[in-house]
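Please open the structure in the viewer and follow the selections below in order.

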Amino acid sequence: MTMSHHASGPNFGFPRGDARLDMTDLYAFTKPGDPAKSIIVLNVHPSFALNSPEPTTTEPFAPGALYEVKVDTDGDAVADLAYSVQFASADDAKQTATVRRVQGVQAAGVGEEGEVIVQQIPVSVGREAVVTEAGEYRFFFGWRSDPFFFDVNGNFNHMQFTGDDFFLDKNVCSIVIELPNADLGSRRVGIWARTLDKTAEGWVQADRGGRPLQAVFLPGDEREAYLSGEPADDGRFIGVFAHQLGHTGDYTPEDAVSVARKLLPDILSYDPRRPTRFPDNGRTLTDDVVDGFLSMLSNGKVTGDKVGPHGDLLDEFPYLGPPHA
């Protein structure tokens, strides 16, 4: 069974046992109608666990935790720019968000420092999206309809797909950032995201990833090391990825290693000057990442799950549909 990143913790549970720290998907695409800007969407906290009919907590984000988008501008798999979001809870159970932009050497670390772009802005919980503008930036934080689409039950049933989309009526918590392409520089960048939990010992990375699906499906018994790791060190997972690919797709050992090398480091490649389409360039909300992943995982034996994009996406910021009741 695999999710985009939904339930990337042990036994398809949540990282560190906290649904709010579970990163589900990362998207990066050119702003519709304005090629000088880009949209980055980081989705976390699925409204339902895959192995339980019970909804997860109603509190959107983990107070005090950090939700970070990392950008590598020079191709070394180390961040040169980061957007770091931290949430606080007020007495009335409402949440607010503070966003920092971190540049240079600091961007590779934990984004507690850096230039504050917006401070204590409201988190959205209703159907109407609460959007905040700040200079050339625009932000949204809160519950939305989950745009991910996949026949989960078919996957449980030995990849016998019927087109039953588990996510059609599910919600997710979204961090949506509209930013000028000038922030990203003038060439292709690599983007990934991570969640960090504050503990007595300091910051602990709970979840991370750039490309859909693989963090759940391919690290095998190295899952914990993978989720807490850095993209620059991902070469150490080529062996375990290749092992899983050999097992699921009957790849030869050489071919399995070749495919694993293409999947690592776990970074989403994005060039805002070119059309957006996964896996070549960024990822839109309607790209069918599952079909491509299933085909790769099964070595061409399974080509799709008969499920397509959701019909509730918006034409304008924040692009994700309103949350389901």
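Select strand 1 and strand 2 (residues 37–44): the two run antiparallel and are joined by 7 bridges. Strands count as paired if DSSP finds at least two bridges between them; strands (E, at least two residues) and helices (H or I, at least four) are DSSP runs, numbered from the N terminus. The model is predicted, so local features need pLDDT of at least 70 and side-chain atom pairs pLDDT 80 or more, whereas totals for chains, interfaces and linings use all residues. Residues are numbered from 1 along each chain as its sequence is written, and side-chain values use heavy atoms, without hydrogens and water.

Next, display Asp25, which stands opposite Asn43 in strand 2. Then move to the turn: strand 1 and strand 2 form a hairpin with 6 residues between them, and Gly33 in this turn has a positive phi of about 85°.

Of its 325 residues, 58% count as buried. The C-alpha atoms fill a box of roughly 50 × 45 × 45 Å, taken along the principal axes. Among contacts (heavy atoms within 4.5 Å) with a separation of 6 or more, 63% are between residues 24 or more positions apart.

Definitions and conventions: Buried < 20%, exposed > 50% of the residue type's maximum accessible area, 1.4 Å probe, protein only.
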